[in-house]
Each structure stands twice: as structure tokens, then as C-alpha cells.
Amino acid sequence: MSSLKNKMPEQSPQVRRHNFDEVALGYGADIAKLEAARCLQCKTAPCRKGCPVEVDIPRFIKEIKGGHFDAAIETIKKKNNLPAVCGRVCPQEDQCEKFCVLGKKGEPVGIGRLERFAADYALQQNHEEQNLKATEQLGNVAVIGAGPASLTAAGDLAGMGYKVTVFEALHAPGGVLMYGIPEFRLPKDIVRKEIAALKDLGVEMVVNAVIGKIFTIDELLADKGYDAVFIGTGAGLPHFMEIPGENFNGVYSANEFLTRVNLMKAYKFPQTGTPVQVGKAVAVIGGGNVAMDSARTALRLGAEKVYIVYRRSEEELPARAEELEHAIEEGVDFCLLTAPVRVCGDEHGWVTAIECIKMELGEPDASGRRAPIPIPDSNYNLEVDTVVMAIGQGPNPLVQGTTPGLHVNKRGNIAADDHGMTSKEGVFAGGDIVTGAATVILAMGAGKKAAAKIHEYVQNKRA
Amino acid sequence: MYTVTKIEELSPGVKAFVIKAPLIAHKCQPGQFVILRIDEDGERIPLTIADFNREAGTINLIFQEVGRTSRQLGTLCTGETILDVAGPLGQATHIKQFGTVVCIGGGIGVAPVYPIARAYKEAGNKVISIIGARNADLLILEKEMAAVSDTLYITTDDGSKGCKGLVINPLQELIADREKIALVMAIGPVIMMRGVADVTRPYGIPTIVSLNPIMVDGTGMCGGCRVSVANQNKFACVDGPEFNAHEVDFDGLMTRQRIYREHEKMEHRFEGGCSCHR
């Protein structure tokens with residue numbers, strides 16, 4: 001048996017840097033069975049403790065090994081409503097695969113790749129509508145936002161027999177899966193299919209519904225007949241650096257840049273109506289997955305030079321190893337230990353450069369990482385005509401600001417316990433709106449726990 | 001889907017749509033806006049709510065056919081639909097009894113001023129309105145504004161209606177005549193709003209303007225609509241759209257409104273004709 005994972009076919013870097021098609025192409029059935037055969041089927045299943053939604057990993061892998069792909073996806077779907085998404089964007093190396101026994105001497109089982117295989121297999125089968133719609137109505141739940149936390153809570157609650165209505169502010173459900181993560185990493189068609197599966201479960205999706213404006217939380221509970229509300233509105237408020245020149249034309253928040261391209265399909269402009277301004281040289285500020293997504297998107301939009309500007313060193317880069325590797329392969333340049341101090345512009349208000357300062361690493365700071373310290377007189381200009389700020393997002397304040405009695409912390413995140421309970425009766429919250437910007441799967445885990453608690457709350461209330 | 005139930009051409013290239021949107025009509029307040037997207041490939045554009053009818057469940061939008069989306073919108077016929085309308089967005093106008101309020105609307109800006117002027121009037125204010133346009137043909141909502149104003153001044157650039165000149169001229173005269181003005185509300189082209197701010201600043205007259213920068217989501221998510229107010233970045237979609245005119249960086253706003261000038265030229269070449277008669 002090989003000590004390495006079976007490789008997943010990919011588009012070559014030279015080809016893919018010019019298109020928005022998916023980079024990783026997925027396992028075929030034969031390779032999937034081979035990879036599944038690597039699993040030792042440990043009785044203790046250490047991999048499961050790394051999964052925030054507790055998928056029965058050994059069981060679904062065993063089904064794939066035996067060629068029972070339908071049974072595999074059924075096993076996954078018991079715990080995970082968005083397997084095709086998770087198989088693509090979960091940081092498995094820090095979760096399930098981190099605990100795989102095979103990882104001690106070689107590479108762990110490609111759990112994420114197998115999950116993706118099973119999910120894609122199911123999506124291709126054109127399942128007849130599974131009639132899981134509850135015969136008995138356990139109650140009504142409103143879910144605010146339609147990102148990973150909300151969709152998971154909605155799916156779980158609908159599965160239990162609740163009537164669930166999801167209110168989404170944008171014109172399409174999916175949240176960050178639609179507006180943030182690029183097509184080449186997570187095809188929007190996949191997201192739409194996963195959402196369609198939730199609709200089959202009976203979940204109602206209301207788009208263009210900005211809660212806090214069209215209804216308040218209190219109105220949903222008091223007037224609209226909902227027994228409980230789940231808030232999963234995410235980290236939707238972009239941070240800027242507060243340095244001079246940030247309002248020059250050509251400076252984007254990563255949120256705006258990615259939303260224009262992903263949700264609004266600016267890469268097809270002028271066939272589509274939304275433009276995006278990408279010059280010859282682009283600087284992306286930040287080192288996380290959002291920064292990698294922005295840099296790789298800029299390449300695909302025709303930028304000749306794309307720089308990642310990050311104030312710490314490669315070791316501290318928060319992006320997933322796979323994303324970093326893909327960005328390097330595609331030709332993104334890395335300006336590490338570098339921080340922008342000013343955006344320079346011309347007399348017409350357009351970006352011409354960013355003034356950067358070199359950094360060195362000092363003692364560990366509050367985050368546990370070594371703190372970057374500016375090196376005096378090391379300033380230089382990096383000539384670019386587009387700048388994307390990918391330095392993080394805060395919580396969107398629309399719901400909190402219109403919900404009396406809902407406590408928030410200093411950063412504006414909703415205060416909630418491990419089960420999503422907030423300070424307000426009947427109101428639950430989970431995902432980035434509670435934790436600050438994190439990963440898709442952590443948000444899904446929060447949605448799952450909240451769904452269980454909502455069930456308990458509603459049944460107690462009705463009893 | 002949101003159905004267009006009535007269309008009126010107010011002046012050449014300026015149309016008023018009545019749109020069935022019961023939830024928005026139920027909640028909206030003067031000063032708020034919606035974001036609409038005509039079809040699957042369309043962009044999201046903000047439009048201020050020009051009026052609303054809660055009983056009928058309708059909102060009114062008034063727009064000038066100047067960009068790709070507004071021109072496409074102008075091709076819709078009664079009974080046709082708009083795919084997405086989200087709102088009401090932004091903060092509502094702060095309405096109370098101030099005393100004498102001067103409401104100024106320039107060009108298409110008269111449309112959003114109208115429900116605000118009406119609300120001021122209903123709150124017991126003395127409302128003096130000044131509306132202006134390039135010429136008499138382009139002047140909109142004259143009757144409506146007259147109905148909610150104690151006094152209405154009209155200006156046109158060419159003198160074809162009312163006084164020849166700019167909307168700031170009657171404002172300057174009011175100030176010179178020692179009219180006790182408690183508040184000025186001005187909506188129109190950025191250059192006009194900047195002019196109004198310059199007139200009232202030396203007198204310390206509180207002045208509010210409503211800004212219309214480029215937006216995508218309209219819910220605070222993209223930051224594209226950021227504008228410097230009192231040297232701090234504000235998001236027009238959630239913090240505004242109304243701001244203290246004396247604190248707004250109008251020059252920065254004008255620069256940011258030009259971001260897609262080159263793209264607009266590309267679009268012009270790409271655009272086809274009217275969709276409903278194709």
C-alpha cells in the first residue's frame with residue numbers, strides 16, 4: 001500500500017491561470033476505490049474527532065471501497081448537508097486528516113477528496129426528489145443569512161421536521177460560498193445544487209430579504225409566527241488598513257473585488273453588467289485564503305504581475321497549504337515581511353503604487369505569532385495599479401443594531417454559547433457572526449449544534 | 001420577481017416606475033433606497049425610493065436613462081418584471097419639527113427630495129423648496145413639490161422656466177433676507193450638493209445631503225460606497241445615504257464615481273436595442 005495519497009488530477013498551472021474553470025478535477029471511481037482501500041478502518045476512528053460535524057468517516061470510506069457510492073453519500077449526508085462544498089473547501093489537513101493514523105508515517109487518507117468524490121457522484125445521479133418532507137410539523141424556524149452556518153442549521157432542522165424559512169439579503173443564497181470563494185475553487189453550479197437539495201428537504205429560501213430592514217427579529221418572533229430564529233449573517237463588514245490613499249480608484253476590499261467577480265460574474269463583462277477594474281500589476285494585502293483567492297482571481301482577469309503583500313514570513317501565512325501552493329504554481333509573487341504604509345495615486349485619483357516598509361519578526365504577540373516590527377528607513381514603492389485589501393472582515397451590524405436585548409461583544413460579534421444560545425430568548429446564532437471570520441466547516445459545526453439546541457428549545461416551549 | 005405596474009415619462013429620458021413590492025412598501029421611510037437587478041446578467045444598482053403607497057403595496061422609482069442599466073430599465077413595459085428589488089436600505093431621514101426647512105432638489109434629485117419634503121411638512125415645518133433643472137423640459141415633480149411646500153422656487157440653467165441660474169441663487173437670497181433657516185436638505189448632482197454646502201457653511205446652517213456612490217450589495221458588505229466624512233470613512237449604504245454636508249469630501253466622491261468611465265464606453269458598444277420590441 002502506498003504511503004502517499006492518490007493524486008487528484010488538476011488543470012496545469014499554465015492553462016488554469018487563464019480560466020475560471022475548477023482547478024482540481026476530482027477522483028474517478030477507480031482511484032476513489034484505491035484511495036478508500038488505504039483506510040485502516042481504525043475502531044477508535046480518530047479522524048472523527050477532527051470533524052466539526054462528526055461525519056462517520058470510516059463508514060463512508062468503507063462504502064466507497066466496496067463500490068457502494070450511494071451508501072457512502074447517505075452516510076455523509078446524515079451529518080453534513082453540504083458535502084460537495086466541504087470536500088472542496090474544508091481545511092482537512094487541520095481536521096479529520098490531521099488525526100489519521102496513516103499520517104504518522106506517510107500521508108493520511110485523502111478524506112476530503114473521497115468526500116468530494118461521493119458528493120459529486122450523488123450530484124451527477126439526478127436523484128429523484130427525496131421525499132423527506134416532514135409529515136408532522138414540529139415548529140417554524142426563521143434562519144437569517146444563507147451561508148454555511150445557516151444552510152446547515154436549516155438542513156438539520158428541516159430534516160427533523162421543522163418548517164424552515166431562510167432569509168437572504170442578496171439575490172442568491174449561499175453567502176460566502178457564492179460571493180466569496182471563486183468559481184475555480186468552488187463552482188457555483190455545485191453550490192446551487194447543494195442548495196437545491198435543501199429546498200427538496202422543504203427549506204424555503206427568500207432572497208432580497210434584508211432582515212433588520214424588511215422585518216426585525218422581534219417581528220419574526222412576535223408577528224410572523226416563528227418559534228425561534230437562527231442568525232448566521234457572517235463576517236460581512238470589510239476591514240481597511242486606515243492608511244492614507246485607501247480611497248483612490250483601484251483600491252478594493254477583497255469582499256468587493258470577489259463579489260464583483262464571483263456573484264456578479266464581472267469576468268464575463270460586458271456580457272454581464274458588473275465591471276471590475278484590474279490593471280497590469282495588482283497588490284493583494286494579506287496572507288489568508290481570501291488573499292490567495294483574490295490574487296489568483298486577479299491573474300485570471302489578466303493581470304501581468306500579482307503580488308501578495310504580507311507583513312510576517314512564510315511560516316506565519318494563515319492560508320491553507322494547498323491554496324498557497326496553487327498560488328505559487330500559478331505565478332503569484334510574494335512580498336513577505338512587508339507592510340503597506342500608504343497608497344500613492346495620481347492627480348486623477350488613480351492608484352500608482354503602494355509605499356511599503358520592510359518588517360522583521362520580534363517576540364510572539366497576543367496571537368502567539370511573532371510580531372512584525374518595521375525596519376526603519378526600509379521604505380520603497382511597489383508600482384501597482386490595483387490594490388485589494390484582504391486583511392479580514394468584521395461582523396455585519398444590520399441585525400444586531402435592530403434587535404434590542406441581543407448582546408454583542410466588543411468587536412460587535414453576537415455573544416452566544418457553544419450551542420448558539422444568545423442573550424435573547426428564542427434567538428440563536430452561529431458561524432462567523434459569533435466567532436469572527438473563520439472557516440466554512442466551523443460555521444457548519446456551529447449551525448449543527450444550534451439546530452439541536454433550537455429543537456430542544458422549541459419542544460420545551462411547546463410542551 | 002417585481003412587476004412594473006405603471007410607467008410615466010416625466011421628462012425626456014426620465015421615467016417614473018410604480019413597482020409592486022408590498023414588503024418594502026410596508027416598511028420604507030423617506031430617505032431610504034432599494035437595490036435592483038433587472039435580470040440574471042444584470043448589475044445591482046441603488047435607486048432612492050421616490051414615493052410609496054403602503055395600501056397598494058407599491059413603491060415609486062424615478063430614474064434617468066443614462067447608464068446601461070437605467071437605459072435597459074427604461075425599455076421595460078407595464079406588466080413586465082424586475083428580477084430583484086432589495087430594500088428598504090440605508091438610514092431613514094430624521095424627521096421632526098425643526099422650524100423652517102429648505103428642501104433643494106437638482107435634476108433627478110428632485111425625486112428623492114419629494115417624500116422628504118412631504119414628511120417635513122407633515123411634521124409641522126415651514127417648507128421652502130427650491131428645484132432646478134437644465135431647462136424647463138427636464139424639470140420634474142413641480143406640481144407635487146408645490147403641494148408640499150409653503151414656497152416653491154424654480155431655477156433653470158437657461159431661464160426657460162423660473163429664475164435663470166442655479167438652485168443656490170434663491171438659497172443665497174433667502175439667507176440675505178434673513179430667513180431663519182433651521183435646516184437645509186439638498187439632493188442632486190455632487191457638484192450642486194457641494195455648492196449648497198459652500199453656501200451654508202459660513203452661516204453654520206445645518207445641511208444634509210444624500211449621496212449616491214457606486215454600490216454592489218447595499219448592506220455594508222463590499223465597502224465600494226465608502227466616502228470620507230469628517231475625515232473618517234463611512235459606508236453610504238448603511239451609515240448613510242444622508243450625511244452632514246459640511247463634512248463630506250465631495251471631491252473624493254466625484255473621483256470615485258468615475259471609476260468605471262472606461263468600462264461604460266465598452267458597454268455602450270456592446271449594448272443592443274430595446275428588449276421589449278425586439
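A salt bridge is a side-chain nitrogen of Lys or Arg within 4 Å of a carboxyl oxygen of Asp or Glu. Between chain B and chain A the count is one salt bridge. The side chains of E219(A) and K27(B) form a salt bridge, at 2.6 Å from N to O.

This is a predicted model, where local features need pLDDT of at least 70, side-chain atom pairs count only at pLDDT 80 or more, and totals for chains, interfaces and linings use all residues. Residues are numbered from 1 along each chain as its sequence is written, chains are lettered from A in the order in which they are written, and side-chain values use heavy atoms, with hydrogens and water left out.

Now take the whole interface. Contact means heavy atoms within 4.5 Å. Chain B brings 44 residues to the contact, and chain A brings 43 residues. The area buried between them is about 3,600 Å². Buried area is the accessible area (1.4 Å probe) that two parts lose on being put together, summed over both. Carbon and sulfur atoms give 56% of that area. In chain B, M221(B), R226(B) and Y260(B) lose the most area to chain A, together 18% of what that side buries.

Next, look inside chain A at E22(A). Is E22(A) buried or exposed? E22(A) counts as buried because its relative accessibility is 15%, and buried means under 20% relative accessible area (1.4 Å probe, protein chains only). Its residue contacts include Q11(A), F184(A) and P187(A), leaving aside residues up to four places away in sequence.

How values were computed:
Buried < 20%, exposed > 50% of the residue type's maximum accessible area, 1.4 Å probe, protein only.
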